[in-house]
Amino acid sequence: MNEFVRPIAEWCAAGIELLGLAVIILFAVVSLITGAALLIKGHAKEEVFKKVRQMLGHGILLGLEFLVAADIIHTVAVELTVESVGVLAMVVLIRTFLSFTLDLELTGRWPWQKRNDGAQVKAADS
């Protein structure tokens, strides 16, 4: 059974890795095109920079999620050893740290903090 599952898992992991890379590249291209269009329309450089940076950041976050999924599939289904699990733990830890810090950079808050967009009533106001 392992001889049957292993190649399928390898192809799935490779496909998901390619999808993650494609998402990052697509968001990079779209954010640059959007930025150029906004500059041509006369928007302020600071506004354009912020918009491009946010779009690219969201693309990187989404791409990282796919890359982590591919790493998990590859480790669990293809190469399940103590060493590979340790490497997976380090990779997931690093990518999770990158995701958290990128999310903090984009939104100004940690992912577990509630949004303060006026839709929620503050406890002090009640």
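**Entry 1. Helix α1**

I looked up the buried positions of α1 and found A9, A13, G20, V23, S31, G35 and L38. Buried here means under 20% relative accessible area, exposed over 50%, and partly exposed in between, with a 1.4 Å probe and protein chains only. The model is a predicted one, in which local features need pLDDT of at least 70, side-chain atom pairs count only at pLDDT 80 or more, and totals for chains, interfaces and linings use all residues. Residues are numbered from 1 along each chain as its sequence is written, and side-chain values use heavy atoms, with hydrogens and water left out.

I noted that the buried residues of α1 pack against α2. Helices (H or I, at least four residues) and strands (E, at least two) are DSSP runs, numbered from the N terminus.

I then checked the length of α1. At 1.5 Å a residue, its 39 residues should span 57 Å, and the end C-alpha atoms lie 56 Å apart, which agrees. The expected span is 1.5 Å times one less than the number of residues in the helix. Just after α1, I recorded a positive phi of about 95° at G42.

I examined I25, which belongs to helix α1 (residues 2–40). I25 is exposed, as its relative accessible area is 53%. Together with L18, L21, V29 and I33, I25 makes a nonpolar surface patch of about 490 Å². Patches are made of residues with over 30% relative accessible area and no salt bridge; like charges are joined within 9 Å, and nonpolar side chains (Val, Leu, Ile, Met, Phe, Trp, Tyr) within 5 Å. A salt bridge is a side-chain nitrogen of Lys or Arg within 4 Å of a carboxyl oxygen of Asp or Glu. On helical spacing I noted that an α-helix has 3.6 residues a turn, so residues three or four places apart point the same way.

I also looked at E10, another residue in helix α1. E10 is partly exposed, with a relative accessible area of 36%. From E10 to R115 the separation is 105 residues in sequence and 39 Å in space, C-alpha to C-alpha.

**Entry 2. D71 in helix α2**

I located D71 in helix α2 (residues 45–78). D71 is buried, because its relative accessible area is 16%. Leaving aside neighbours within four places in sequence, I found D71 in contact with E17, L88, V91 and R95. Contact means heavy atoms within 4.5 Å.

**Entry 3. Helix α3**

I listed S84, L88, S99, D103 and L106 as buried in α3. The cover over the buried residues of α3 includes α2. For helix α3 (residues 82–107), 26 residues at 1.5 Å each should span 38 Å; the end C-alpha atoms are 37 Å apart, which agrees. G108 follows α3 and has a positive phi, near 80°.

**Entry 4. The whole chain**

I counted three helices and zero strands in the protein chain. The radius of gyration is 19 Å, well over the 14 Å from the globule rule for 126 residues, so the chain is more spread out than a compact globule. This radius is taken over C-alpha atoms, and the globule rule is 2.2 Å times the number of residues to the power 0.38. Along its principal axes the C-alpha trace spans about 60 × 45 × 20 Å.

Of the 126 residues, 21% are buried. Among contacts with a separation of 6 or more, 70% join residues 24 or more positions apart. The protein chain exposes about 9100 Å², of which carbon and sulfur atoms supply 69%. Accessible areas come from the Shrake-Rupley method with a 1.4 Å probe; for residues, only the protein chains shown count as cover.
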